[in-house]
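This briefing is meant to be read alongside the sequence and the model. Please keep both open while going through the points.

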Amino acid sequence: MARIDSDPLTGPMAGTSSSDPAAAAVDLTAAAAVGEVPPEIVAQSMGQYLHVWWQRVRGGESGVLPVVLGLVIVGVGFQIANGNFLSPQNLVNIFEQSSIYILLAMAEIFALLLGEIDLSTGLVMGLGSVVVVELVQPSGAASCALCPHGLAFPAWLAIGVTLLICAGVGLIQGSMVARLKMPSFIVTLGGWLILEGVCIIVLNGQPISLKNVTVPAQVQIYNIFWGYFSPTVSWILLAVVVVILAAWWWFGDASRRRRGLVAPPPSFTAIKIVGVAVAGVVLVGLCNVNRAHFGVIEGLPYIIVIVLAVLFIWTMLLQRTRFGRYVYAIGGNPEAARRAGVSLPSIRTWCFVLAALTAGIAGILFASWQVFLTTNIIKSSNSYVLLAVAAAVIGGTSLFGGRGKTIHGVLGGLIIGGIYNGLLLMGVSSEWVDILIAVVLLAAGTIDVLSRGGTRSRA
Amino acid sequence: MTGIQGDLKSGTPGEKAAEVPQDVDLTAATGAVADVPLEILAQSLGEYLRGWWQKLKSGDSGLLPVLVAMVIVAIAFELLTPENAYLRPSNLVYIFGLSTVYMVLAMGEIAVLLLGELDLSIGAVALMGGTIAYKLVQQPSPNWPWWLAILTSLVCCGVIGGLQGTLVARLRIPAFVVTLAGQLLFTGMLVVILGGADGSLSVSPTDPNQSVFYNLVQGNIDPVVSWAILAVVVVGFGTMMWLRASARRRSGLVAPPASLTAIKIGLMAVVGVVVLIICTVNRGGAFATIEGLPWVIPVVIVLLGLWTVLLQATRFGRYVYAIGGNPEAARRAGVRLPAIRTWCFVLCSATAGFAGILLGSFYYGQYSTNVGDPGQLVLYSVAASVIGGTSLFGGRGKPIHGVLGGLLIGGIAYGVSLMNLGSLSIPLEYILPGGVLLAAVLVDVLSRRGARTGSVVRV
């Protein structure tokens, strides 16, 4: 479906809309109502845009609307139950805690878009976390069976090697799925089990930590999760990002309009820019409130910037490149994609590599968050797999492939993190939290199936 | 596939076995296609063996690979373990007890795998079933009789399976998502029932009511009684097989050659005698006498018999195979897919609940969250099914595959733990089953691909 998104840009429709805007637009609006073409491409005015958007929502193609509503419900509900839920301190806290779910969900989306599943993301995260911490142990101090003397890598090298190892795991699993045609859930289930063993080997039964302040690499990795920009730098950063984004959108759309290509109405572009600016100001404002019990902790955490950067890069990759179009094409109809000349095995393998890479990033964050790693991380990694799938599906990514965006992982991850945080604030024990998350996953799966049934019956 | 078997059974009575030319024709066609069991068509032992060999060559190898693998594993560990202790009677009986839970779980899983679905929740359901049963026989209250406790636990698990099956069969939510959520959900509920993450339940081996649970795996039948039971079973079963085959031959129905029936009965007797000789050796060492057939062996055999009859000899079973082979064809033939699918999930979960009761008994009547990791139980049971020869793609598999696969997995796990590998022994407990699972799936995928291209050539 989403493959068609990009086609009107280059197809004959682009030409017609400029020569006879009114007729073509009306025609296209009807097509957009079916939910195949994004409204911002065909709508010529703000009113038309909103009209098409509403038609799309009614037609079952609701995009991020349900999950945003879900976020509002979670926010309001827990705020009523506990007045501290929406305090600036707790909101930043929620975002920090959700960052792992968000990254894992972004990883999972690569597999889900293909119509596959990756059940090993949790353990790839676990592997990433133990490897990165093991690599920055000072020489003579490490406990790993594979490197008895401690490698004392600088932080950048440790991170690079960790990401390479995780991507390598993805490459092996992806090749088994794509070239040997083994079912992905079994390959990644086997990978899950094997990685559990590998993590135990790497840990060698002894806890490892990032607590040694005399090792600069350990401090740097610790700061990935716990560090933050000063308030002034946060504002400057926000200003730079908003200005760049605004210029990019505004001039991009303007040049498209000049050349007679379909483009959203200027008012819509302006609203988009203002919306991003307002969201950024709210975010930085929240982060700049002092959130320490003692002393001062204020400013934008690095982690938020990292998550947004990954979101941006993966969104560009999936929405703006040929690779991304191929991914959606395979997810929508693998046979059609194959006949159109898409090389299925290589695209599929790459998706698994990217998924494992993203899970590796999550692993580094996880290590930085936990500081102290024992074999308990295996138990938490196991439940993280479920949460990753849940976050992606709750965010609006389809389990059947071809439908989903990286932003869904962010929104779904925030919902999961919000529920966790809210329930724990209320003093609910963790097994009830698990039960509730499972119910939410089932609900998301049901909604996915029902909405998909709705679109199919119309076709 | 086996849908055809059912049709043939009911469709061929008119054909006289005496019509030689037609018989030769049929053997040639079906021996190669491997869709019709040979005992139906072969008229002499030689013909049967030839057909079996053809079937083997065409990739449908049945039980042979798993039996060969068991022999290899047994010899390898016998040579590798210190003091060559692996094949001692006490170890062999222990391996059976250890494997029981995997065997029973795999038998349940196979019912779902035959449909081409997957149940990832059975680990958690098993632990829940065990917990419910153990909770119900606690003294002073509720102190239910053991049979009522088992029945209630199986019904509870059946209801759980029914709920999950309904979501899969009626709403068509992918089974792995429903059962993944189920795993999270029931693990949480398990902790709630146990009364906290470190809650535990136990049964006393001396209490007349509770000791039934304790004895399921730990109890032994007196050697003399064991021999008597074996004699009764072999004579009874042998007579039944012999009389049935000769009655079929008399009334002109297709039936296996008499020599084959005799060989089958002889084989059964030999296996029974070997198992009993192993079991009646004193395994208690110098201080105590432990000898006799463990209760768990007849229990597993009865369960295997029930599952085999249900899947191989009833209309329900034929429908299960039909759905697994080709759901659309089954639907058009009038099979009610949702009902059959839901029932498979119900039976699978009930079987899993029974496995959970056995698991507690294996741990000497103790129950806590530590007796088994739900995820690992699932992985082992799926691995056991696939290693045993059940296909992940539906329509191919038998309950006996679960028993043999489970025994193989348990044998590997115990062999590794005997080998004194130091720090490597725990990780290998994860890595080996994962590797074996991937290898088994690879074989499944490759043999299926071979069979498919083969049939294209033939048609």
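Predicted model: local features only at pLDDT ≥ 70, side-chain atom pairs only at ≥ 80, totals over all residues.

Residues are numbered from 1 along each chain as its sequence is written, and chains are lettered from A and ligands numbered from 1 in the order in which they are written.

**Contact of chains A and B**
- The contact, counted where C-beta atoms placed from the backbone lie within 7 Å, takes 35 residues from chain A and 34 residues from chain B.
- On the chain A side, α10 (184-203), α18 (376-395) and α20 (430-458) each supply at least two residues, and α10(A) gives the most, with 12 residues.
- Helices here are DSSP runs of H or I with at least four residues, and strands are runs of E with at least two, both numbered from the N terminus.
- By class, the chain A side has 24 nonpolar, 7 polar and 4 charged residues, where Ala, Val, Leu, Ile, Met, Phe, Trp, Tyr, Cys and Pro count as nonpolar, Asp, Glu, Lys and Arg as charged, and the others, Gly among them, as polar.

**Helix α13 of chain A**
- In α13(A), the residues A:Phe268, A:Thr269, A:Gly280 and A:Cys287 are buried, a term for 20 or more other C-beta atoms within 10 Å, with exposed meaning 12 or fewer and partly exposed in between.
- Seen down the helix axis, the buried residues of α13(A) fall within an arc of 110°, so they line one face; the arc is that of the directions from the axis to the C-beta atoms.
- On the other side of α13(A), the exposed residues are A:Ser267, A:Val274, A:Gly275, A:Val278 and A:Val282.

**Chain B**
- Chain B has 19 helices and 4 strands, and buried residues make up 46% of its 459 residues.
- The axes of α6 (residues 89-113) and α17 (residues 374-388) of chain B come within 8 Å and cross at roughly 70°, which makes α6(B) roughly perpendicular to α17(B), the word used for angles of 65 to 115 degrees.
- Those axes are lines fitted to C-alpha atoms over the stretch in contact, and angles run from 0 to 180 degrees between N-to-C directions.
- The residues of that helix contact divide into 10 nonpolar, 3 polar and 1 charged.

**Positive phi in chain B**
- B:Arg172, in the loop between α8 (146-169) and α9 (175-194), has a positive phi near 60°.
- B:Tyr364, in the loop between α16 (337-362) and β4 (366-368), has a positive phi of about 55° although it is not a glycine.

Conventions: Contact = placed C-beta atoms within 7 Å. Parallel < 35°, antiparallel > 145°, perpendicular 65-115°, else oblique.
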